[in-house]
Amino acid sequence: MKKIIFIMLSVLLPLSLLAEGKLVERSGKRPDWIMKSGSEAFAVSASDADINVARERCLDDIKAYIVNAIASNIVSVEESSTEVENVNGAENIRSTYSSELRTAAAKLPFITGISLSNAAGTYWEKFKDKSDGSIYYVYHVLYPFTAGQLDYMIAQFKRYDSEMYGRFTAIKDAYDNIASVGDIDRAIEELKPLQEYFFDSFRKKEVESLSAAYRKLYGAISIVPVESAKGSFTYMLVLNGKRIESSRMPSLRGSDAVASLSVKPDGQGNYTVTYDDTYCYPDDDNYIDIVYSFGLSQSRYRHSFDIIEN
């Protein structure tokens with residue numbers, strides 16, 4: 001029933017315009033499939049002053065029709081997972097779920113790849129409006145779409161959806177095995193398209209929670225001393241008791257007499273700051289501030305040194 005209603009709505013506008021316009025040109029003999037839908041194909045129609053715009057509107061209608069068919073079948077099977085005790089609340093949830101599922105389905109490769117080159121038939125008519133003399137076109141397309149194709153697309157959608165959730169679980173599993181700050185950066189970036197894609201509130205919240213957890217890791221990174229010597233200080237980065245690495249180098253700032261500050265990784269997970277303390281005096285407050293910026297957080301450490309002990 002939904003398919004027939006969709007087709008009828010698509011042609012209401014052209015039919016109303018026909019009453020006001022005079023046919024001045026057409027692409028050929030008027031086909032008998034206009035305003036019809038069957039088990040093998042469906043027809044859509046669109047009108048515009050620009051024939052190319054009318055043609056593109058037909059393509060948009062075809063994509064919307066197929067997306068609706070996919071989404072309607074999936075929702076009818078899966079909407080029970082969104083049931084709540086409140087009847088009105090359940091209705092609202094199903095409505096949102098269905099709408100967002102359609103948005104997700106519309107982005108799939110086999111939907112975006114739909115082309116009028118696959119149409120089973122096309123036909124257009126050119127009209128002149130009797131009231132003002134303006135020209136407009138009515139474009140018709142017959143597009144093949146069988147039950148087998150629908151089943152295939154539903155299977156493709158579910159496979160794609162499963163792959164997307166698989167990405168999420170992989171990022172979730174990696175949470176306790178962070179080896180570098182880059183791992184945190186990548187996880188947060190990889191979660192962004194998943195947050196946009198997931199069309200059900202449960203998985204959206206899962207992504208939101210995991211993304212927030214990863215962002216908190218930035219603030220949990222600490223700078224831990226390893227050893228110090230005259231003109232150098234070695235430290236490591238630690239997250240939840242484990243050493244991690246960072247390709248980002250910190251900003252360094254020393255007290256007034258400290259010169260020639262630099263930092264390099266030693267290849268073993270440590271970082272060594274070297275400096276010139278030639279003009280530092282025992283009575284001075286001699287130090288080096290090490291500051292990392294991770295996300296919206298900062299990790300700080302002040303290495304104070306004694307010239308006499310060095």
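1. Asn286 is in contact (heavy atoms within 4.5 Å) with Ser255, Cys280, Tyr281, His303, Ser304, Phe305 and Ile307, leaving aside neighbours within four places in sequence. The residue lies in the loop between strand S10 (270-276) and strand S11 (287-294). Helices (H or I, at least four residues) and strands (E, at least two) are DSSP runs, numbered from the N terminus.

2. This is a predicted model, in which local features need pLDDT of at least 70, side-chain atom pairs count only at pLDDT 80 or more, and totals for chains, interfaces and linings use all residues. Residues are numbered from 1 along each chain as its sequence is written, and side-chain values use heavy atoms, with hydrogens and water left out.

3. Is Asn286 buried or exposed? Asn286 is buried, at a relative accessible area of 3%; buried means under 20%, exposed over 50%, and partly exposed in between (1.4 Å probe, protein chains only). The side chain of Asn286 reaches the backbone oxygen of Tyr281 at 3.0 Å.

4. An open sheet of four strands, paired antiparallel, has the order S1-S3-S4-S2. Its edge strands are S1 (21-26) and S2, each pairing on one side only. Two strands pair if DSSP finds at least two bridges between them. From one strand to the next, the twist averages 25°.

5. Strand S4 (residues 135-144) is mostly covered, with eight of its ten residues buried. Eight bridges join S4 to strand S2 (residues 41-48), and Phe42 has Tyr143 in S4 as its bridge partner. Eight bridges also join S4 to strand S3 (residues 121-129), where Gly121 stands opposite Leu142. The hairpin of S3 and S4 has five residues between the strands, and in it Gly133 takes a positive phi near 80°.

6. S1 and S3 pair over five bridges in the antiparallel sense. Arg26 stands opposite Glu125 in S3.

7. Leu237 touches Ile221, Ser222, Ile223, Lys242, Arg243, Ile244, Ser246, Tyr271, Tyr292 and Phe294, not counting residues up to four places away in sequence.

Conventions
Polar contact = N/O pair within 3.5 Å; in protein donor to acceptor, adjacent residues only side chain to side chain. Axes fitted to C-alpha atoms, helices over the stretch in contact; angles between N-to-C directions.
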